[in-house]
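Hi everyone, thanks for coming. Please bring up the structure on your screens, and I'll walk you through it.

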Amino acid sequence: MKQGSAEVEVQHGAQHDTRVAWEDALVAAALLAVDPAGLGGVSIRGMPGPARDAWLGQFRAWLPETIPWRRIPSHVTDNRLLGGLDLAATLAANRPVAERGILADADGGVVVLTMAERVSATMAARLTAVIDTGEVVVARDGIQLRHHTKFGVVMLDEGLDDSERAPAALLDRLSFQIDLSRLRMRDIEAETLIDAEQIVAARAILPNVQATDEQLKVLCVTAQVLGIASIRASIAALRVARVSAALDGREKVNGDDVALAARLVLAPRATQMPATEEDEAEADADNGEDDTAEIEQQPDDVTPPDQLPPENALSPQDDPDVEPPQNENQSDPNREPEEAKQDDALGDKVLEAAKAAIPADLLSQLLINGAGPGGSKGGSSGRMGATRQSGKRGRPLGARRGMPRAGARLNVIETLRAAAPWQRLRAAEALMQSSTLDTSRQKIFVRQEDFHVTRFKERRDTTVIFVVDASGSAALNRLAEAKGAVELLLADCYVRRDQVALISFRGKKADLLLPPTRSLVRAKRGLGGLPGGGGTPLAAAIDAAVQLADSIARRGDTPSIVFLTDGRTNIARDGSPGRAAAEADALVSARQLRSQRFAAVFVDTSTQPAPHAARIAREMGAIYQPLPYANASTISNVIREKALAK
Amino acid sequence: MAQPFPFSAIVGQDEMKLALTIAAVDPTIGGVLVFGDRGTGKSTAVRALATLLPKMRAVIGCSYGCDPAVGAASCEQCAALKAGGHVIKSHLVPVPVVDLPLGATEDRVIGALDLESALTKGKKVFEPGLLARANRGFLYVDEVNLLEDHLVDLLIDVAASGENVIEREGLSVRHPARFVLVGSGNPEEGELRPQLLDRFGLSVEVKTPTNLDERIDVVRRRDEFDRDPAAFQEKWHKEDDKLKRKIVAARGRLASVVVPDAALRLAAQLCMKLGTDGLRGELTLMRAARAYASLMGDTLVTDVHFGRIAAPTLRHRLRRDPLDEAGSTVRVERAIEEVLGPGSNAIKTAA
């Protein structure tokens, strides 16, 4: 690819960073334009604006003009999405007429999913089923049809913070994830060197492009080093590498292609930094509350300037540190692959390329998603999916058959829709049954089985339970900060109409200082009167939190627990002193919390974070966050990000 | 789908493959639930299963694909055929593997009046739905945890009774609907109702492989398949065929596999130890062990078979114990060790 810009910027600043992001976005657009269905698609994060428009405009221009380009609103009905009975046409023609859905219509083209962060898991599942099987199966309203369809997906994700994201199931199937939210006007002025003819030519070459087994392995290894659990990522990366070669007019994938694939496909999915960088990254996160500072630091922190600057990853010829791309053919065939990958130049280069592109806010995201390749908690700990179906209020969720009773609202349109096909039949029946009655006066025959009621989706309330350590050890160090942090968070919860509850523990037991409330004043009062000193009965505190969370969950709301403690427990559940027994009890209580699957954050406020606290956090399935030098605002920021983010 | 990914080419995920194979050997086991991480080949495996199933004999002219070997007419259509003095003819058909797509409406699932006849001729003709098509075969629900509640209710009911009853527009139809319910899903997107959970005979947890070589194999095979599906299928055809023959042989052997009293006692002990509710656990455990023994070419069910099959049979039937930190799989394994004696787990992992 003719990517290498002549003037390599030495400066590592925010401006440089965003310009690279824009260049990457355009490269992704070109790659995707070659084979939209094969690469799955792209998720674009950012608000509507010039950057997104420019990207969409360029992408559209690279696609053949005649292919379908369909927009799907997030509130689309199944009938429109999948297809079903075309009622008007059916009645007009007096025979069933099927309506093709958007997905069937989009065959060979692209669907644009707007407001992807609002897309429900159910709708995502409909899309993924179609993407995976390559066909739409319609089994609706008396219609049974299947249409073959293959399309690329462009998801427009306007989520503002980390818990507002497009559905993971869909993200998993799209090759690219682009973030345009930080771009400025001047970033998007950069012209691209790729022209439409190149893309047309690439489509023709693509079926013949070969990748070596070694390249495949390098992508798998890189994915694993970056902690990417889903295997789809490696498969997508391999496809992208092939398309990259095709775009450059080659039938053989080279090192640049593989590096580009790692950079564009793997880096945005990374859940961990390669081991050696871990310490630096952690340090980065600790002072990472200032966004602009973070952007500026990121290139320096992650990639020392004497190594590989991001944009050079694409043109290693310019870089003396990296071997020419031919190296994969020279690698010693006698070496075992296991050994080879350790010091393999291609592997290193690919990893570097990926590393350079790992988003700066990786760590804060990790903490939200429960982190790690084994982190199965992802998503479930957040507030997504915390909705329930209701018959009374909330966002309409469609209709189902049923009688309008118990507060359920009759859906007139759906009811008529259900009745419509049978009109002729019923009219004939009515005529036969009672020849005396003038049936022509009765225009519509609606029967009980036609009744449909509207279903609504109701958002659950969230109650945040603060469990504050007021023991002697904590009081000395951090109680004031903890109180301050809780106060800051209370204001937040108030704005969002969340409820808060407060449990404090000291001496021999835990007390519910504040039952769930929305009252800011009451909460502040409870906090102000919080005395300190005494032992640390952590087990009792966890038990109390679980009990409260349980009652909240039973009420139909979603509890979320935040522990603020140093974890140095010394009072057992029965109130007797002794560190060993207290720790054992705390672990048992922690497991009980986990078994109930409540979302929890464990903020370790001690000046020297101890492994024991981390272990308790792990046992309770909580996000563990040591904050040894934090003040009230840091603590509240962390909690806001992890437990409360919407 | 034109070309399903070959079953044998799925890397690892042995428990999932075994559970599906066992369901193919003995459909009375009552279905398979596959729950786990994204991108682990859950739906790939289920969709590939269709190619492994030997053809079955079905009555010609029966919408429900009834078995001609069954003496008494098992459905209204067969009864009508017999009453009309017709000679019952049959033919070989592939075992149906029916996808229940999300977004399906109730009328298409259970069957309803044929729209075309109603509209054009004003006539009432029953048009069978997905449940009718799945009779004697498999009904697959991907993302089963996202299925609408009223459809779940319906499935629970039909799966238990083996019969589908339709009352609509003054039409009353009942027909056999015996199918192996196969569900898959990602637990992050929602839990299953215990009632539906109970309908599944076996439940499998799938995890993303963490072994690098295994991951490389997955990518390599997927890539090969994508680039030339026909050649890839040709390559795995032999393996698939071998498995198919194994299933046929196991079915033939199934009736002659002996379950000794001692083995039954073990099954009961295991269930008691784990506190599973009802007899379904025991019954399924016995059936699954028998099918597994048959699959292995054995004619006598032993501890080894129980050890291998206990986890998928029982793990979804446990009561959640808040004070036990271990997952359900670990609890089942612990119980196996206690009941069958130490070392049985070693056999289990080796098998």
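Some housekeeping before that. This is a predicted model, so to speak of a local feature we need pLDDT of at least 70, and side-chain atom pairs count only at pLDDT 80 or more, while totals for chains, interfaces and linings use all residues. Residues are numbered from 1 along each chain as its sequence is written, and chains are lettered from A and ligands numbered from 1 in the order in which they are written.

Let's meet the chains. Chain A comes to 27 helices and 19 strands. For chain B the tally is 15 helices and eleven strands. Helices here are DSSP runs of H or I with at least four residues, strands are runs of E with at least two, and both are numbered from the N terminus.

How much of each chain is buried? Of the 646 residues of chain A, 50% count as buried, and of the 351 residues of chain B, 50% do. A residue is buried if 20 or more other C-beta atoms lie within 10 Å of its own, exposed if 12 or fewer, and partly exposed in between, with C-beta atoms placed from the backbone.

Now contacts: two residues are in contact if their C-beta atoms, placed from the backbone, lie within 7 Å. Among contacts in chain A between residues at least 6 apart in sequence, 77% join residues at least 24 apart. In chain B that figure is 74%.

On to the cores. A nonpolar core is a set of buried Ala, Val, Leu, Ile, Met, Phe, Trp, Tyr and Cys residues joined through C-beta atoms within 7 Å. The largest has 205 residues, and those with the most contacts inside it are Ala237(A), Ala262(A), Leu266(A) and Ile22(B). Helix α1 of chain A, residues 14-34, gives the largest share of this core, 13 residues. There is also a second, separate core of 56 residues, which includes Val467(A), Leu587(A), Tyr624(A) and Val638(A).

Which residues does Ala262(A) touch, leaving aside neighbours within four places in sequence? Its contacts are Leu219(A), Thr222(A), Ala237(A), Ala267(A), Val350(A), Ala353(A) and Ala354(A).

Ile22(B) takes us to helix α1 of chain B, where it is one of the buried residues. Ten of the twelve residues of α1(B) are buried, so this helix is mostly covered. Its end C-alpha atoms are 16 Å apart, which agrees with the 16 Å that residues 14-25 should span at 1.5 Å a residue; the expected span is 1.5 Å times one less than the number of residues.

Next, please find the open sheet of six strands in chain A. Its order is β16-β15-β14-β17-β18-β19, with mixed pairing; two strands pair if DSSP finds at least two bridges between them. Why is one side of β16 and of β19 left without a neighbour in the sheet? These strands of chain A stand at the edges, so each has a single partner strand. Further in, six bridges join β17 to β18 of chain A, and these two run parallel. Across that pair, Ile561(A) stands opposite Ala600(A) in β18(A).

So, where do the chains meet? The contact takes 55 residues from chain A and 47 residues from chain B. On the side of chain A that touches chain B, α7(A) gives the largest share, seven residues. Helix α10 of chain A holds Gln224(A), which touches Leu212(B) and Arg215(B). Gln224(A) is partly exposed, with 17 other C-beta atoms within 10 Å.

Most residues other than glycine have a negative phi. Gln13(B), however, has a positive phi near 50°, and Glu143(B) has one of about 55°. Gln13(B) sits in the segment before α1 of chain B and is buried, with 23 other C-beta atoms within 10 Å. Glu143(B) lies in the loop between β7 and α7 of chain B and is also buried, with 24 other C-beta atoms within 10 Å.
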